[in-house]
Amino acid sequence: MTPLALLIIIAAYLLGSISSAVLICRLYGLEDPRDSGSGNPGATNVLRLGGRGAAAMVLVCDVLKGMLPVWLSYLIGINPFLLGIIGIAACLGHIYPIFFHFRGGKGVATALGALAPIGWDLSGMLIGTWLLTVLISGYSSLGALITALAAPMLTWLVKPEYTMPVSMLSCLIVLRHHDNVRRLLDGKESKIWTKFSRNTKHSGNNS
């Protein structure tokens with residue numbers, strides 16, 4: 001590993017450690033997403049806490065955290081294996097942010113951003129898989145799990161040389177959702193639309 005690659009890996013982790021959910025919730029005057037709703041500082045929980053605008057900002061920022069370091073590394077010719085390590089570093093920063101007491105999110109949007117430089121065709125298939133799963137089931141976590149499991153196969157169809165690093169990234173996402181898997185099996189996982197509609201009604205009653 002070259003010194004440049006090591007520097008990029010560290011930078012990717014530090015960039016991932018900037019919790020956009022916490023910062024945007026502070027900007028909007030919302031509750032800390034780590035202590036409210038599902039307790040996950042990600043776009044889905046911010047959607048529940050503050051609506052579409054705040055959630056969209058969080059989603060864009062989280063995607064960029066994964067996309068920027070991998071995309072820049074891709075442009076300068078870093079090999080596929082190290083690109084995977086850089087993507088994982090960004091996701092680990094999001095999941096265990098050094099700037100926010102290591103209390104982070106699930107890493108799904110950041111992982112999607114890290115995969116985007118492989119190709120927009122792959123990104124489109126991954127987004128489509130997540131959307132289809134969520135629309136059918138109503139579970140954001142199930143969408144993330146199905147998408148993570150499908151990602152290596154879809155990558156193999158598009159650019160086989162990236163299958164190994166994508167598989168590593170997918171394993172990280174699946175492991176991070178172990179609590180969600182347990183709740184899904186127990187029938188205790190909350191559906192995204194149900195919670196959002198409840199919060200909307202509650203806000204309307206208070207206005």
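Helix α8 gives the most to the lining of the largest pocket, with six residues. Helices here, like strands, are DSSP runs numbered from the N terminus (H or I, at least four residues, for helices; E, at least two, for strands). A pocket is found on a 1 Å grid over the protein atoms alone, as an open set of points with protein on both sides within 12 Å along at least five of seven lines, and its lining residues have an atom within 4 Å of a point. The model is a predicted one, in which local features need pLDDT of at least 70 and side-chain atom pairs count only at pLDDT 80 or more, while totals for chains, interfaces and linings use all residues. Residues are numbered from 1 along each chain as its sequence is written, and side-chain values use heavy atoms, with hydrogens and water left out.

The largest pocket has a volume of about 1100 Å³. A volume is the space filled by probe spheres set on the grid points, which are joined across faces, edges and corners. The pocket has 47 lining residues, and the closest to its centre are Thr44, Val108, Trp130, Ser140 and Ala144. Two or more lining residues come from each of α3, α4, α6, α7, α8, α9, α10 (178–186) and α11 (192–206).

A cavity differs in its definition: there a 1.4 Å probe fits but cannot get out. The whole structure holds one cavity of 30 Å³ or more. The largest cavity has a volume of about 110 Å³. It is lined by 14 residues, of which Val70, Leu83, Gly84, Ala114 and Ile118 are the closest to its centre. At least two lining residues are supplied by each of α4, α5, α6 and α9, and the largest share, four residues, comes from α5.

Helix α4 contributes to the linings of both the largest pocket and the largest cavity. It covers residues 52–75, and its 24 residues should span 34 Å at 1.5 Å a residue; the end C-alpha atoms are 33 Å apart, which agrees. The expected span is 1.5 Å times one less than the number of residues. A kink of about 30 degrees lies at Met67, shortly before Pro69; the bend is the angle between axes fitted to the seven residues ending at a residue and the seven starting there. Met67 and Pro69 are both among the buried residues of α4, which also include Ala54, Val58, Asp62 and Lys65. Buried means under 20% relative accessible area, exposed over 50%, and partly exposed in between, with a 1.4 Å probe and protein chains only. The cover over the buried residues of α4 includes α1 (3–16), α2 (20–27), α3 (43–50), α5 (80–95), α6 (108–115) and α7 (120–137). After α4 comes Gly77, with a positive phi near 90 degrees.

The interior can also be followed through its nonpolar cores. Such a core is a set of buried Ala, Val, Leu, Ile, Met, Phe, Trp, Tyr and Cys residues joined through side-chain atoms within 4.5 Å. The largest has 29 residues, and those with the most contacts inside it are Ile78, Ile86, Leu115, Ile118, Leu126, Val166 and Leu169. Two or more of its residues come from each of α1, α5, α6, α7, α8 (140–158) and α9 (163–176), and α5 gives the most, with eight. Ile86 is in contact (heavy atoms within 4.5 Å) with Ile8, Ile9, Ala12, Pro69, Val70, Ser73 and Ile78, not counting residues up to four places away in sequence. A second, separate core of 11 residues includes Ala21, Ile24, Ala55 and Ile192.

Leu23 lies in helix α2 and is partly exposed, at 38% relative accessible area. With residues up to four places away in sequence left out, Leu23 touches Ile18 and Phe100. In the loop between α2 and α3 is Asp35, which counts as exposed at 55% relative accessibility.

The loop between α5 and α6 holds His101 and Phe102. Most residues other than glycine have a negative phi. His101, which is not a glycine, has a positive phi of about 60 degrees, and Phe102 also has a positive value, near 60 degrees. His101 is exposed, with a relative accessible area of 65%, whereas Phe102 is partly exposed, at 47%.
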